[in-house]
Amino acid sequence: MAEIAIDKVDALKTADLHDLCDAADDAIRAGGGFGWVEPPPRDVMERFWKGVLVVPERVLFVARLDGVVAGSAQLVKPPRNNEAQAHAAQLTTSFVAPWARGHGLARRLTMAVMDEACSAGFRVLNLDVRVTQEAAIALYESLGFRRWGTHPFYALVQGKPLAGHFYCKDLQPAPQPPAQ
């Protein structure tokens, strides 16, 4: 049985950084590139992940399969000057390398981000996803994210526009009245 772990990280060992870059490259090539269409050069990818770690509004989670970093997700907190939207955080940059799919890593990453958002006091968690990422869409909807809109020109991939869906989840839903 595969060993699975979800870790909140504030630093990456060199081997973990390389694993994360490899997993991201694989996910990008498979069409789940969290904004990338083609894998960037390795030095750019390494700087991206190192940069994530120094932004105070970002919380990075990595998924490990048998000890190897195989995916990630981030909780992005709103800027401190955005008082009106201080209640809402964003789930972003979520992916699992193709070789690690089918073990529940994406679900566990998403739940870790949801738990972190709740613990930090956020009331709403937002996310967006390309329409081509059907597995991710099914996952988010199964976890109670509500689609509130679709942008017909969300992404441009190989010169072709792709739509994208926008979701939100109420992290503190109002209690329901008892059934009668």
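Which residues of helix 4 (residues 134-142) are buried?

1. The model under discussion is predicted. In helix 4, which spans residues 134-142, the buried positions are Ile137, Leu139 and Tyr140. Viewed along the axis of helix 4, these buried residues lie within an arc of 160°, so they line one face of the helix.

2. The face of helix 4 directed away from the buried side bears Glu134 and Ala135, both exposed.

3. Several elements contribute to the cover over the buried residues of helix 4. The cover includes helix 3 (105-119) together with strand 4 (88-96), strand 5 (124-130), strand 6 (146-157) and strand 7 (160-170).

4. After helix 4 comes Gly144, and the phi of Gly144 is positive, near 95°.

5. Helix 1 (residues 14-29) and helix 2 (residues 42-54) have axes that come within 10 Å and cross at roughly 110°. Angles from 65 to 115 degrees count as roughly perpendicular, and helix 1 and helix 2 are therefore described as roughly perpendicular to each other. Their crossing is right-handed.

6. On the helix 1 side, the contact is formed by Leu17, His18, Leu20, Cys21, Asp22, Ala24, Asp25 and Ile28. Helix 2 contributes Arg42, Met45, Glu46, Trp49 and Lys50. By residue class, the contact between helix 1 and helix 2 comprises 7 nonpolar, 1 polar and 5 charged residues.

Methods:
Residues are numbered from 1 along each chain as its sequence is written. This is a predicted model: local features need pLDDT of at least 70, side-chain atom pairs count only at pLDDT 80 or more; totals for chains, interfaces and linings use all residues. Side-chain values use heavy atoms; hydrogens and water are left out. Buried means under 20% relative accessible area, exposed over 50%, partly exposed in between (1.4 Å probe, protein chains only). Helices (H or I, at least four residues) and strands (E, at least two) are DSSP runs, numbered from the N terminus. The arc is that of the directions from the helix axis to the C-beta atoms. Contact means heavy atoms within 4.5 Å. Axes are lines fitted to C-alpha atoms, for helices over the stretch in contact, and angles run from 0 to 180 degrees between N-to-C directions. Angles under 35 degrees count as roughly parallel, over 145 as roughly antiparallel, 65 to 115 as roughly perpendicular and the rest as oblique. A crossing is left-handed if the near helix is turned anticlockwise from the far one by less than a right angle, and right-handed if clockwise. Ala, Val, Leu, Ile, Met, Phe, Trp, Tyr, Cys and Pro count as nonpolar, Asp, Glu, Lys and Arg as charged, and the others, Gly among them, as polar.
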